[in-house]
Amino acid sequence: MKYISVEQVEPGDILARSIYTSEGLTLLHAGVQLTVGMINKLRRFGVTMLSIKDPLLDDVNMEEVVTETTRKDAIRNLSAAIQCVQSGKNMDVRGVQKSVSNIVEEVLKNRRVLLNLGEIRTTDNALYIHSLNVCMMATVMGVALGYNNTQLKELSIGALLHDIGKLSGMSKEDSKDSDEEENLENHFTWTGFNVLRKKHEMSIVSAHVPLQHQEWVDGSGVPRGLAGEDIHEFAKIVAICNYYDDLISPFSEEEVTLPPYEACERIMGLAEKRFDLQMVILFLRSIALYPTGSSLKLSTGEIGVVIDQNRGLPSRPVVRVIRREQNASELMSEQHDIRDIDLSEKPTIFITGIMD
């Protein structure tokens with residue numbers, strides 16, 4: 001599998017990862033052969049990157065922290081919960097709790113696997129993919145911190161629903177129901193807090209994640225200007241995950257979409273300003289700086305595709321370099337010079353950039 005710009009996709013290419021709607025339904029199944037019409041339709045849906053099968057990478061087994069079935073169910077249950085809130089109905093949290101339990105179970109099982117965020121975003125599903133990504137990243141960090149099962153579920157629910165105030169479409173005025181809140185800046189974080197705190201099936205700790213995930217450790221955040229230890233640890237985790245996913249998403253309000261390694265650089269620069277330093281260090285150990293399937297430029301002048309990750313060294317993945325012999329078939333691996341380079345074992349070879 002390779003992860004490439006939609007502009008590089010050609011008719012006949014095989015989709016490697018399914019694309020979902022905001023309701024968790026499958027828009028296009030993995031394995032479908034793309035046509036000109038399909039590619040044009042994906043462009044209209046705002047798709048910028050696609051995962052495409054490559055016969056020269058068929059032997060690569062991409063490890064997933066969370067299975068496709070669980071990710072799809074989480075999107076569907078999140079969508080159902082948001083629709084209930086938008087229509088003024090009582091939100092049934094059982095589906096969300098089930099999805100979170102599955103996510104926690106799978107992250108615990110695959111704790112040695114670096115997280116790759118490879119879901120294909122569209123204008124329709126972008127906010128839901130964002131919520132899912134933040135949930136998975138936060139859960140991975142929670143496992144690394146040694147949280148128990150209850151804490152992991154509280155963190156994961158808060159992370160999955162951290163944007164419920166924004167997604168619900170509720171009036172910010174309707175979200176305020178105390179004199180204290182009347183005197184504070186209107187902000188969708190209050191809406192999310194008030195939605196969740198009224199659900200007795202949920203911990204009040206989970207409700208503080210949507211409330212505090214935009215508080216910065218230097219006190220410059222919103223809605224209350226909390227600083228340092230006054231910010232709940234769960235919110236500190238979600239703050240980093242939320243910002244990172246915004247940076248790498250073409251559908252966020254950020255001015256420029258960054259590749260993962262540049263997004264990590266941006267986050268490092270905000271340590272002890274926006275973000276807790278220890279949480280930043282932990283985050284950087286948990287995420288793949290160069291996601292599997294992405295194409296890299298090496299200091300040797302070669303171009304390679306990331307085929308595996310090194311858990312302890314996320315900036316030094318395993319890269320496959322494919323040198324096509326003259327007149328060789330693009331499909332026949334025996335007619336190519338193929339080398340796999342583990343950059344953790346090659347200190348003199350550096351990544352000099354990524355392919356657009």
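**View 1. The aromatic pair of tyrosine 243 and phenylalanine 275.** The ring centres of tyrosine 243 and phenylalanine 275 lie 5.7 Å apart and their planes stand at 45°, so the pair is classed as tilted, given that planes under 30 degrees apart would count as stacked and those over 60 as edge-to-face. Tyrosine 243 belongs to helix 10 (residues 233–248), whereas phenylalanine 275 sits in the loop between helix 11 (260–269) and helix 12 (277–286), so the pair ties together parts that are 32 residues apart in sequence.

**View 2. The packing of helix 3 against helix 4.** Helix 3 (residues 94–109) packs with helix 4 (residues 126–144) at an angle of about 50°, and their axes are 10 Å apart; the two helices are therefore oblique to each other. The crossing in which helix 3 passes helix 4 is right-handed.

**View 3. The residues in the contact of helix 3 with helix 4.** From helix 3, Ile103, Val104, Val107 and Leu108 meet Leu132, Cys135, Thr139, Val140 and Val143 of helix 4. Sorted by class, this contact has eight nonpolar residues and one polar residue, with no charged residues.

**View 4. The segment of residues 170–186 and its pLDDT.** Across the protein pLDDT averages 90, and 91% of the residues score at least 70. Over residues 170–186, however, pLDDT stays under 50, although the model has 28 contacts beyond four places in sequence for this segment. Where pLDDT is low, the predicted coordinates should not be read in detail.

Terms used: Residues are numbered from 1 along each chain as its sequence is written. This is a predicted model: local features need pLDDT of at least 70, side-chain atom pairs count only at pLDDT 80 or more; totals for chains, interfaces and linings use all residues. Side-chain values use heavy atoms; hydrogens and water are left out. Axes are lines fitted to C-alpha atoms, for helices over the stretch in contact, and angles run from 0 to 180 degrees between N-to-C directions. Helices (H or I, at least four residues) and strands (E, at least two) are DSSP runs, numbered from the N terminus. Angles under 35 degrees count as roughly parallel, over 145 as roughly antiparallel, 65 to 115 as roughly perpendicular and the rest as oblique. A crossing is left-handed if the near helix is turned anticlockwise from the far one by less than a right angle, and right-handed if clockwise. Contact means heavy atoms within 4.5 Å. Ala, Val, Leu, Ile, Met, Phe, Trp, Tyr, Cys and Pro count as nonpolar, Asp, Glu, Lys and Arg as charged, and the others, Gly among them, as polar. pLDDT is the predictor's confidence in each residue, from 0 to 100. Rings of Phe, Tyr and Trp (its six-membered ring) pair if their centres lie within 6.5 Å; planes under 30 degrees apart count as stacked, over 60 as edge-to-face and the rest as tilted.
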